[in-house]
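This report looks at how one protein chain is packed. Look over the sequence and the model before reading on.

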Amino acid sequence: MNKFIEIFTWNSNFDTGIPEIDIQHQELVKLLNRLANHLAYHADTPSFDKVFAELANYALLHFSTEETIWQQYFTDDEWNRNHGIAHALFIEEVHKIKSQQTADNSEEVMESIVLFLTNWLAVHIIESDRAMASVVSGLQRGMSLTGAKRQVNKELDAANKALIRSILDMCQNLSSKTISLIKEINHQCSHIFAYPGTNRAMSACIRSNKDIPVIIAF
Ligand SMILES: [Fe+2]
């Protein structure tokens with residue numbers, strides 16, 4: 001059985017502090033990791049599409065949950081309007097990438113989808129959802145909307161934003177490399193013929209990837 005790779009590893013930096021939203025974000029990350037595994041292990045297009053449809057539907061459900069919560073606190077505030085636009089643009093972009101898929105470029109398009117989803121989700125949660133959730137927390141503590149927004153903006157000063165951006169860029173880079181590496185290892189090891197005279201490099205590959213199927217020749 002193949003190793004399950006995590007292209008997006010959840011950690012507490014992604015918590016917004018609103019349980020309903022955090023649970024749904026974690027579910028989205030799980031689906032995204034499943035999608036990345038389908039890609040890394042060369043699953044056929046229909047099985048990739050099945051997980052993709054599951055993820056797209058879950059994203060719609062999640063956006064509607066979030067928007068109901070934001071509406072309650074932000075009503076017609078600019079932050080709320082922009083957040084709704086970001087969700088709509090996301091759906092549009094994912095479907096745009098998917099529509100470019102043909103029999104010849106299938107794998108390339110699947111990879112673009114996985115990388116776009118990984119990057120968008122990480123950036124959106126850290127930069128937008130968490131900021132909105134902090135404002136909600138301020139309102140619940142009795143602050144005014146303007147005061148809570150000002151406070152959050154102060155916390156997210158320029159230096160912080162630059163740091164967040166560089167870490168997210170690094171994550172995106174790593175996601176891309178992880179998929180390429182897993183695909184390469186999977187490709188190489190599945191073609192190795194292990195026999196008594198096998199050399200050290202081959203043995204190491206087999207040992208370190210013992211879950212990846214290897215053809216044994218006698
Ligand atoms: Fe959101």
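At what angle do the axes of α2 and helix α3 cross?

## The α2–α3 pair

The axes of α2 and α3 (residues 78–99) cross at roughly 170° and come within 10 Å. Axes here are lines fitted to C-alpha atoms, for helices over the stretch in contact, with angles from 0 to 180 degrees between N-to-C directions. The crossing angle therefore makes α2 roughly antiparallel to α3, a label for angles over 145 degrees.

On the α2 side, the contact is made by A56, F63, E67, W70, Q71 and F74; on the α3 side, by W79, N80, H83, G84, H87 and V94. Two residues are in contact if their C-beta atoms, placed from the backbone, lie within 7 Å.

## The model and its elements

This is a predicted model: local features need pLDDT of at least 70, side-chain atom pairs count only at pLDDT 80 or more, and totals for chains, interfaces and linings use all residues. Residues are numbered from 1 along each chain as its sequence is written.

The protein has 7 helices and 2 strands, which are DSSP runs (helices H or I, at least four residues; strands E, at least two) numbered from the N terminus.

## The cores

The largest nonpolar core has 20 residues. Such a core is a set of buried Ala, Val, Leu, Ile, Met, Phe, Trp, Tyr and Cys residues joined through C-beta atoms within 7 Å; buried means 20 or more other C-beta atoms within 10 Å of a residue's own. At least two residues of this core come from each of α1, α2, α4 and α6.

V114 touches I7, L35, A36, L39 and I179, leaving out residues up to four places away in sequence.

Terms used. A residue is buried if 20 or more other C-beta atoms lie within 10 Å of its own, exposed if 12 or fewer, and partly exposed in between; C-beta atoms are placed from the backbone. Angles under 35 degrees count as roughly parallel, over 145 as roughly antiparallel, 65 to 115 as roughly perpendicular and the rest as oblique.
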